[in-house]
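Reader: I have a model open and would like to learn how to read it. Where do I begin?

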Amino acid sequence: MILKNSFILQAVKFAPNKRSLFMTNFIPIFPLSVVVYPGESLNLHIFEPRYKQLIIECYAEAKPFGIPSVINDKVNEIGTLVNISEIVNTSDDGEMDIKTKGISVFRILEVIKKVPDKLYSGAIVNYPENVEDSLNKELIQKVLNALRELHRLLKIDKDFKKADEQLTAYDIAHHVGLSLEEEYELLGLFREDQRQEYLKRHLSKVLPVIAEMETLKKRVKLNGHFKNLSSFDFEQ
């Protein structure tokens, strides 16, 4: 399906806000095998001609573009709208390094593979209501405690650069060991307390496995070493 130029040029200027969460509009899309969360910073290297055009246009007109998640060679319906915060550098052949930041989650209603006069594709999308003020302080603290225990076992040091009470599921989701499919499932949850519960359940499954691996590692390291053990006393 090819839309008229006038509709696209008018719709592409639209950016979602709190009063337009349920509205529909056209956005340029850059499908990638990643999951981007609102508020997340993402650095990208741009080298394909169609995406060079997309970035140049979006940056010049200060408009966002969408990153729908590609999983198992399929463009999924949920993605994240992002703003270009900076073009860090541009090489002689037009390749670019850019910085972007996630804005909001969208759902694709229809992919527009051929956009008039453009190399890139687009999509008609809407913006599901995302209840971010449903933060459960007790639950997020349990999640953070479990996450820190995971990082301790894995000998990982993470600085989230925020106080615990300011952290959300989006801030820590990439740091709990989720698969790409699981990260996408989390993106499809539109309440903060649901996202926290999802992370808690994941960590409750992962932590015992990691702890057992640590125990196993210690056992393996003991093999071949002199062991200082007390013998069994039959006369006890």
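Author: We will go from the overall layout to one helix and then to one strand. Note that this is a predicted model.

Reader: What pattern does the protein chain follow along the sequence?

Author: The order is α-β-β-α-β-β-β-β-α-α-α-α, with 6 helices and 6 strands in the protein chain. Of its 236 residues, 40% are buried.

Reader: How many Å should helix 2 span, and what is the distance between its end C-alpha atoms?

Author: The expected span is 1.5 Å times one less than the number of residues. Helix 2 (residues 49–60) has 12 residues, so it should span 16 Å; its end C-alpha atoms lie 17 Å apart, which agrees. Just past helix 2, Ala62 has a positive phi of about 50°.

Reader: Which residues of helix 2 are buried?

Author: They are Tyr51, Lys52, Leu54, Ile55, Glu57 and Cys58. These buried residues pack against several strands, among them strand 3 (65–71) and strand 4 (74–90).

Reader: How do I read the two faces of a strand?

Author: In a regular strand, side chains alternate between the two faces of the sheet. In strand 3, Phe65, Ile67, Ser69 and Ile71 lie on one side, with Gly66, Pro68 and Val70 on the other, and all are buried. Because 7 of the 7 residues of strand 3 are buried, the rest of the structure largely encloses it.

Reader: In which sense do strand 3 and strand 4 pair?

Author: They pair in the antiparallel sense, over 6 bridges. Gly66 stands opposite Leu81 in strand 4. The hairpin of strand 3 and strand 4 has 2 residues between the strands, and Asn72 takes a positive phi near 55° there.

Terms used
Residues are numbered from 1 along each chain as its sequence is written. This is a predicted model: local features need pLDDT of at least 70, side-chain atom pairs count only at pLDDT 80 or more; totals for chains, interfaces and linings use all residues. Side-chain values use heavy atoms; hydrogens and water are left out. Helices (H or I, at least four residues) and strands (E, at least two) are DSSP runs, numbered from the N terminus. Buried means under 20% relative accessible area, exposed over 50%, partly exposed in between (1.4 Å probe, protein chains only). Contact means heavy atoms within 4.5 Å. Two strands pair if DSSP finds at least two bridges between them.
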